[in-house]
Amino acid sequence: MIVPLSHVFLLAGITFAMGLVCLVAHRNLVMTLIGVEVMMNAAAIAFVAASLRWQLMEGQAFVLFILAVSAAEISLGLMLVISLYRRTGSVDPDRYDILKW
Amino acid sequence: MTLYAVIFYVLGVVILTATGFAVTRRQPVHAVLYLIVAFLGTGALFLLLGAPLLAAFVVIVYAGAIMVLVLFVIMILQQSPRESGLLSEWGPATLLGIVFLAVAVAMLFKDPGSGIVLKGAVARPRDFGRFLFDRYWLAVEILSVLLLVALVAIIQLGKRREADGEDDTVRNLNGASHPTAGQRSIISNEVKEGHQ
């Protein structure tokens, strides 16, 4: 007897919305990637809660896959940010205007 | 209200507060430090929800490895924050988040099955591992291939091209000293801007 399922989903939803705001509002690519991480964390919370609700271990297996995908995503994303920083000297996406003629 | 419920609400407050502080910081370093607290809270929440192996993985992979990686990258970038908390940037984003949250909450409480109280159960690490490699071994292998592909892509992106004209300029500017990677890229950018 822990808590109703909706409370755990509410926690995951609020965390996901915070990640969404972080993703959209910041003008620093590192903060954008952090927002994606927060959203994946919220998804993992929802999966574990659903796994407990239906007493199936598939939810937990999916969280493991989320972890691995998130690790690959963040490392590749940070490498792209470093590569962009080497080319343009900025991590602000508004300043990427190499294609402008 | 049982003890488990109290622990859940305390953990929820910790996670929400830490995440809220993390997403509003201008300095990425502060955001990462707050996010480590949020991930530790998430690990404890997984333990409460009956997933001890995942709790350990979250602490090791998220709070340990990924956040340290982000910290290293922030230190490589040496980027001072230039953001301003303008309403024109935060207003639409917050509005979007609130609309999303309202829809999600409406859907959540409309669902008749949402009031079901969770029963405590624990997936022991041995059972979980056996289950995973019994039924989803192919997915685990695909994940390892995905990580390998990411590794190859990162190495390819991280390689710097040696036959570049700009590198010679940098070398001449610096004389005999060998600048580190971050310094070199900054110097080459300054050189580029100087030419323009």
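Analyst: Let's start with a definition: a helix is a DSSP run of H or I with at least four residues, a strand a run of E with at least two, and both are numbered from the N terminus. By that rule chain A holds three helices and zero strands, in the order α-α-α from the N terminus. This is a predicted model, in which local features need pLDDT of at least 70 and side-chain atom pairs pLDDT 80 or more, while totals for chains, interfaces and linings use all residues. Residues are numbered from 1 along each chain as its sequence is written, and chains are lettered from A and ligands numbered from 1 in the order in which they are written.

User: What makes A:Tyr85 count as buried?

Analyst: A residue is buried if 20 or more other C-beta atoms, placed from the backbone, lie within 10 Å of its own, exposed if 12 or fewer, and partly exposed in between. A:Tyr85 has 22 such neighbours inside 10 Å, so it counts as buried. This tyrosine is found in helix α3 of chain A. Its C-alpha is 9.8 Å from that of A:Tyr96, eleven residues away in sequence.

User: How does the radius of gyration of chain A compare with that of a compact globule?

Analyst: The radius is taken over C-alpha atoms, and the globule rule is 2.2 Å times the number of residues to the power 0.38. For 101 residues the rule gives a value near 13 Å, but chain A has 17 Å. Its C-alpha atoms fill a box of roughly 60 × 25 × 20 Å along the principal axes.

User: Which residues touch the most other members of the largest nonpolar core?

Analyst: Such a core is a set of buried Ala, Val, Leu, Ile, Met, Phe, Trp, Tyr and Cys residues joined through C-beta atoms within 7 Å. The largest has 72 residues, and A:Cys22, A:Val30, A:Ile34, A:Ile45, A:Val48, B:Leu35 and B:Leu54 touch the most other members. The helix α2(A) gives the most to this core, with 15 residues.

User: How many residues of each chain take part in the contact between A and B?

Analyst: Two residues are in contact if their C-beta atoms, placed from the backbone, lie within 7 Å. The contact takes 59 residues from chain A and 73 from chain B. On the chain A side, α3(A) gives the most, with 20 residues. B:Leu54 touches A:Val48, A:Gln60, A:Val63 and A:Leu64, among others.

User: Where is confidence lowest in chain B?

Analyst: The pLDDT is the predictor's confidence in each residue, from 0 to 100. Chain B averages 80, with 77% of residues scoring at least 70. Confidence is lowest in helix α7 (residues 165-174), at a mean of 47, and highest in α2(B), at 93. Where pLDDT is low, the predicted coordinates should not be read in detail. The model scores ipTM 0.91 and pTM 0.81.

Conventions: Lists of a residue's contacts leave out its neighbours within four places in sequence.
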